Amino acid sequence: MLELRDGTTSMSAPAALPVWTREAAWSLYRMPFNDLLFKAQSVHRQHFDPNRVQLSKLLNIKTGGCPEDCGYCSQSTHHESGLKASKLMEVERVVAEARKARDAGATRYCMGAAWRGPKDRDMDAVVAMVEGVKALGMETCMTLGMLERGQAARLGEAGLDYYNHNIDTSERYYGEIISTHSFADRLQTLAYVRESGVKVCCGGIVGMGEGAIDRVDMLVTLANLPEHPESVPINMLIPIPGTPLAKAEPIDPIAFARTIALARIMMPKSCVRLSAGRTAMTDEMQALCLFAGANSIFVGDTLLTAGNPGEDHDAALFRRLGIKAMELGVV
């Protein structure tokens with residue numbers, strides 16, 4: 001079903017990743033649901049403890065005022081979402097919030113800023129945030145928009161562990177959601193991040209009116225990168241009033257679980273994160289997604305500008321499922 005990349009391998013070099021065709025991925029996606037989940041769970045158990053989930057915390061370090069026109073985002077200046085823009089948070093406050101998250105059980109701290117990309121004048125503060133959070137013993141992740149090569153290099157030198165930059169959807173559907181930058185722009189930033197030695201966190205959003213084949217194509221793009229993203233967040237659209245996608249039809253829960261399962265099979269060693277949209281998911285849907293191969297969630301009652309299940313709710317769900325938090329550095 002899979003065709004290997006051309007080239008030789010040796011004991012000192014990692015084996016070439018398989019090349020995924022749309023046809024092969026589509027065939028998997030359309031398998032009988034029980035067979036797909038069995039395959040995904042089997043792959044998951046080869047690489048991860050099936051009863052451990054990584055807990056991450058996300059902080060919006062700079063809210064609103066973004067010049068991009070992403071149709072799903074409340075932070076765009078193009079949309080009437082009612083969100084007020086704020087300045088970049090002070091470094092000390094960010095580190096203090098990270099300490100609270102660590103003490104509550106989070107092992108990775110993600111910091112996001114609503115920018116097209118950071119200005120060079122912002123980089124000193126961003127670097128200080130990375131260094132401050134790492135000093136707490138946590139993994140660090142940043143999402144700051146598009147990066148220039150030199151900016152990615154600075155983040156790598158500061159010791160940033162992960163950079164998040166989602167491709168959002170398929171290349172075919174991308175222009176229906178965003179017009180102020182291209183799909184190729186996204187891939188260029190990912191290349192700079194990888195070049196800098198920082199791990200890649202990259203996934204997408206489903207439920208934006210795309211077809212099932214677009215979800216498959218998005219995963220094919222990710223799985224065919226030179227290296228798989230170490231973290232693959234799968235977000236379910238949160239329709240926000242004032243944005244172009246405010247009235248988007250919800251995605252079918254089974255279709256969402258199929259997307260999670262396909263991501264697990266195609267990128268077996270990546271952490272697949274059940275990300276935005278969990279407030280609209282039943283406990284049963286979340287359990288299904290965890291069985292399908294998701295093994296990372298965001299904790300806390302806020303996810304950038306949207307709601308997220310409270311930590312008490314997550315703890316209760318984990319107890320019901322017999323799941324425990326993943327320890328730092330253990331995957």
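In this predicted model, the side chains of D214 and R172 are joined by a salt bridge with an N to O distance of 2.7 Å, the term denoting a side-chain nitrogen of Lys or Arg within 4 Å of a carboxyl oxygen of Asp or Glu. The pair links distant parts of the chain, with D214 lying in helix α8 (residues 212-223) and R172 in helix α6, 42 residues apart; helices (H or I, at least four residues) and strands (E, at least two) are DSSP runs numbered from the N terminus. D214 counts as buried because its relative accessibility is 1%, whereas R172 is exposed, with a relative accessible area of 56%; buried means under 20% relative accessible area, exposed over 50%, and partly exposed in between (1.4 Å probe, protein chains only).

Residues are numbered from 1 along each chain as its sequence is written. Local features need pLDDT of at least 70 and side-chain atom pairs count only at pLDDT 80 or more, while totals for chains, interfaces and linings use all residues, and side-chain values use heavy atoms, with hydrogens and water left out.

The structure holds 15 salt bridges, among them one between the side chains of E139 and R108, at 3.1 Å from N to O. E139 counts as buried at 17% relative accessibility, and R108 is buried with a relative accessible area of 1%. A further salt bridge is formed by E195 and R149, whose closest N and O atoms are 2.7 Å apart; E195 is placed in helix α7 (residues 183-195) and R149 in helix α5 (residues 149-158), 46 residues apart. R149 counts as partly exposed, since its relative accessibility is 45%.

Helix α5 also takes part in a helix packing, in which α4 (residues 123-134) and α5 meet at an angle of about 25° with their axes 9 Å apart; axes are lines fitted to C-alpha atoms, for helices over the stretch in contact, and angles run from 0 to 180 degrees between N-to-C directions. The angle makes α4 roughly parallel to α5, a label given to angles under 35 degrees. On the α4 side, M123, D124, V126, V127, V130, E131 and K134 meet Q151, R154, L155 and A158 of α5, contact being defined as heavy atoms within 4.5 Å.

The largest nonpolar core has 92 residues, and those with the most contacts inside it are I61, M142 and F256; such a core is a set of buried Ala, Val, Leu, Ile, Met, Phe, Trp, Tyr and Cys residues joined through side-chain atoms within 4.5 Å. Helix α9 (residues 253-266) gives the most to this core, contributing 9 residues. When neighbours within four places in sequence are left aside, F256 is in contact with V206, I234, N235, M236, I251, L274, M281, M285 and C289. A second, separate core of 6 residues includes C110, Y162, C201 and F298.

D168 is found in the loop between β6 (162-164) and α6 (171-177), and D168 counts as buried at 2% relative accessibility. Not counting residues up to four places away in sequence, D168 touches Y72, Y174, I178, R186, G203, G204, I205, M208 and M218.

Definitions and conventions: Angles under 35 degrees count as roughly parallel, over 145 as roughly antiparallel, 65 to 115 as roughly perpendicular and the rest as oblique.
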